[in-house]
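Thanks for coming, everyone. Let me put the structure up, and then I'll talk you through a few spots in it.

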Amino acid sequence: MAASGEPGRQWQEEVAAVVVVGSCMTDLVSLTSRLPKTGETIHGHKFFIGFGGKGANQCVQAARLGAKTSMVCKVGKDSFGNDYIENLKQNDISTEFTYQTQDAATGTASIIVNNEGQNIIIIVAGANLLLNTEDLREAAKAISRAKVMICQLEVTPETSLEALTMAHSNGVKTLFNPAPAIADLDPRFYALSDVFCCNETEAEILTGLTVSSPADAGKAAQVLLERGCQVVIITLGAEGCVMLSQTEPVPKHIPTEKVKAVDTTILGNMRILRLIWKARHHAVLGFVLDSMCSEQPHKTRLMPILERRKVMLPKANSLPGHTAGKLAEPGTACQSVCLTLTSTYSLLHPSSS
């Protein structure tokens with residue numbers, strides 16, 4: 001059984017509109033001219049440590065969109081864990097249910113990025129896998145009072161399933177990102193997901209279908225929809241995404257413009273942000289984000305770019321940064337922005353559609 005440490009600071013009795021049950025990963029990032037071959041040692045030209053993990057990334061995105069957020073997660077009782085809790089606090093996220101354990105180290109992601117923005121990532125989930133149903137019961141009040149609950153599969157499937165069940169039974173909207181995907185996913189995940197968002201590779205694993213085009217994605221999305229999801233979104237990298245729902249079951253392809261990649265992970269992240277906003281007819285914001293993806297290295301913050309371009313945007317001060325850390329870095333799943341945008345603007349603010 002996981003050993004839960006003391007939670008972080010309280011949230012001053014404010015109700016979190018968005019609760020994320022998921023992972024926190026400390027990113028160990030090395031930049032190099034090319035990716036090494038098997039057995040090869042090469043020189044890199046830069047190294048930095050950042051904050052990642054699908055769950056924390058999505059939580060921070062929601063917080064920077066202006067939502068009151070709470071993170072239900074587990075980190076190690078180590079320096080990485082202490083730093084992570086402080087990072088969440090600095091992003092105005094409730095750490096009341098951010099637990100620490102001595103039984104495992106804080107999760108880590110070792111990331112290598114080449115000059116073309118391609119990457120190799122190895123994750124060691126560590127303490128993330130010790131987040132359990134007992135921890136969720138302690139956070140039950142926060143989950144049941146939220147408007148949106150988001151989870152993924154970087155914690156154990158049992159924990160994510162319990163979180164979805166708790167939220168669904170209390171009428172809370174649920175957003176599920178089945179990543180990393182598992183072929184034998186419990187059927188209950190589909191029925192408990194108001195929004196089910198995956199990429200093309202994950203869709204192939206889940207459905208057994210080949211997904212190499214928007215048309216293929218539409219077929220896979222229909223299979224997922226038939227399993228009980230209310231809304232299905234399949235992201236396609238440079239091809240945008242395909243989405244459909246129980247009320248609009250005909251697949252809709254939302255394309256995006258091609259740009260020069262700096263970091264494919266962050267590029268995917270911001271491209272999804274662009275195409276979702278494009279679907280909502282926010283073309284100016286899409287232009288800014290496409291420009292940022294093509295011109296800026298992954299350490300650049302979003303807001304300085306908006307300020308430099310003098311673009312007037314609604315709620316510009318609440319737009320998301322790239323990742324869970326102060327700086328943007330690789331390791332963010334492209335679905336994270338899609339999920340948090342959906343949660344804050346579609347579910348929290350339906351009138352803005």
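**A few buried spots**

Let's start with Thr235: its relative accessibility is 0%, so it counts as buried. Thr235 sits in strand S12, which covers residues 231-235. Keep in mind, by the way, that this is a predicted model.

Thr235 also shows up in a record. An unreviewed UniProt entry has a "binding site" annotation listing Asn199, Thr235, Leu236, Gly237, Ala238, Glu239, Gly240 and Thr256. Is Thr256 buried or exposed? It has 9% relative accessibility, so it counts as buried, given that the cut-off is under 20%.

Okay, on to another set. The unreviewed UniProt entry also puts "binding site" on Met25, Thr26, Asp27, Gly53, Lys54, Gly55, Ala56, Asn57 and Glu154. Now, these span 130 residues in sequence, but no two of their C-alpha atoms are more than 14.4 Å apart, so they gather at one spot.

Two of those annotated residues, Lys54 and Asn57, deserve a word. Lys54 is in helix H1, and Asn57 lies in helix H1 as well. Lys54 comes out at 14% relative accessibility, so that's buried by the under-20% cut-off. For Asn57 the relative accessible area is 0%, so that one is buried too.

Next up, helix H2, residues 79-90. How far apart are its end C-alpha atoms? They're 17 Å apart; at 1.5 Å a residue, the 12 residues should span 16 Å, so the two values agree.

Which residues of H2 are buried? That would be Gly81, Tyr84, Ile85, Asn87 and Leu88. If you look down the axis of H2, these buried residues fall within an arc of 160 degrees, so they line one face of the helix. And what covers them? The cover includes strand S2 (25-31), strand S3 (46-52), helix H1 (54-64), strand S4 (69-76), strand S5 (93-94) and strand S6 (98-101). Just after H2, Asp92 takes a positive phi of about 60 degrees.

Last stop is Ser160, in helix H5, residues 157-169. Ser160 has a relative accessible area of 0%, so it's buried. And what does Ser160 touch, leaving out residues up to four places away in sequence? Its contacts are Cys151, Gln152, Leu153, Val155 and Phe189.

That's my tour, over to you.

Note on methods
Residues numbered from 1 in each chain as written. Predicted model: local features only at pLDDT ≥ 70, side-chain atom pairs only at ≥ 80, totals over all residues. Heavy atoms only, no water. Helix = DSSP H or I, 4+ residues; strand = E, 2+ residues; numbered from the N terminus. Expected span 1.5 Å × (residues − 1). Buried < 20%, exposed > 50% of the residue type's maximum accessible area, 1.4 Å probe, protein only. Arc of directions from axis to C-beta. Contact = heavy atoms within 4.5 Å. UniProt positions renumbered as here; feature names shortened; annotations may be inferred.
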